[in-house]
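Q: Please help me learn how to read a protein structure, one feature at a time.
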Amino acid sequence: MSPCAAIVMSQARRKFLFNACLVFALLLGILGLFLSAWTVLPAPTFALLALSIGAPEVSPWLVLLNLTAIVLALVGLRVSLVARWALAFGVSGLLLSSLPLLQLPATEARLDAQMESALGRDYQSEIAATTQAGWRSAPFVPADSFRGIAAESVRFRSGIEFAAPANSPLRLDVYQPPRVGKYPALVVLYGGSWQQGNPSLNADFSRYLAARGWVVFAIDYRHAPTYRFPAQIVDVRSALTFIRREAGRFEVDPDCLVLLGRSAGAHLALLAAYENGAVPVRAVVSYYGPIFLADGYRDPPSPDPLDVRKVLETFLGGTPDTVPEQYRLASPGSYVDRPQPPTLLVYGGRDNIVEL
């Protein structure tokens, strides 16, 4: 091959690689913008709900994806229309994916203000230094999105039966601190529209809290439509009774019992703490739990990827007009006319499905 032919082939190869790089940048930019858009868009269908929920949680990864598209696009910005489109998509995606991170300082400030308003400005001084030593440096550390949070050693037992209503065995998982002692108990209830889920959900979160001095009980409950309300709250009561009865076995302080739930699980946690004759608990943490179910039925979200009305009818056996007492009894808000345990309510500002 002559030197001239070799030069031509080398130039052709460089041109091919250059164009391939720009096309790749364009594809990355389109993908980054599509995924980043779900940090602000409500999901119109159930199939897209995971994107709407997950995009803000992986925003650091999306920022990296969009930055990569931008850097690749800059290579050919002056000579290629493809590069300009790639840059436009990348910058747009970067702006959207940065929103959750930019909003973090204000969110953390609001959290601090709410905690100080409820507990007093010096509430942290009452927390033991040994407990504070296990705290994170900040509520959210961006680097953890890439490296994860190290799994710590805890004692774990699964499949412990605590009740068998209607011959349906119910089991719980227990996460205990690594050393023998006496600890406060945290009962975790999973979400799933009262129709699905299991105690193994969010296991890393339970393990993390156990490593910091909690005995965490991840409990199960029966699901609709096979079992309608009040089966679920009966199961939660059974679990709480079991935990208090077996407190010594699990190294639990029976007078320091806290409930935590997400979505449908948060609803059950609130209801278990608030209803008449409830098992005494020290506090409740509710992540986006519905409080007034009839209101949720009459004013469903738009868009409505879960079909909230169908979910509530499946859970309660009808509409607020056909079974009004079911809706009243199943609403934690029905019981707020009397003193209740300290409650932390956590809702997303862009959550259109469950609003505070």
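Q: Is arginine 222 buried or exposed?
A: This is a predicted model, in which local features need pLDDT of at least 70 and side-chain atom pairs count only at pLDDT 80 or more, while totals for chains, interfaces and linings use all residues. Residues are numbered from 1 along each chain as its sequence is written, and side-chain values use heavy atoms, with hydrogens and water left out. A residue is called buried under 20% relative accessible area, exposed over 50% and partly exposed in between, for a 1.4 Å probe and protein chains only. Arginine 222 has a relative accessible area of 10%, so it is buried.

Q: With which residue does arginine 222 form a salt bridge?
A: Side chains of opposite charge can pair when their charged atoms come close. The term salt bridge is used for a side-chain nitrogen of Lys or Arg within 4 Å of a carboxyl oxygen of Asp or Glu. Here arginine 222 pairs with aspartate 235, and their closest N and O atoms are 2.9 Å apart. Aspartate 235 belongs to helix α8 (residues 231-245), whereas arginine 222 sits in the loop between β4 (215-219) and α8; helices (H or I, at least four residues) and strands (E, at least two) are DSSP runs, numbered from the N terminus. Aspartate 235 is buried too, with a relative accessible area of 1%.

Q: Which parts of the chain does the salt bridge of glutamate 275 and arginine 237 tie together?
A: The two side chains meet at 2.5 Å, N to O. Glutamate 275 is in the loop between α9 and β6 (283-287) and arginine 237 is in helix α8, so the bridge ties together parts that are 38 residues apart in sequence. Glutamate 275 counts as buried at 9% relative accessibility, whereas arginine 237, at 30%, counts as partly exposed.

Q: How many salt bridges does a search of the whole structure find?
A: The search finds 13 salt bridges.

Q: Which residues touch the most other members of the largest nonpolar core?
A: In soluble globular proteins, nonpolar side chains tend to be buried together. A nonpolar core is a set of buried Ala, Val, Leu, Ile, Met, Phe, Trp, Tyr and Cys residues joined through side-chain atoms within 4.5 Å. In the largest core, which has 51 residues, Val187, Phe217, Ile219 and Leu259 touch the most other members. Helix α9 (residues 264-274) supplies the largest share of this core, eight residues. A second, separate core has 14 residues, including Ala55, Ala73, Ala86 and Leu94.
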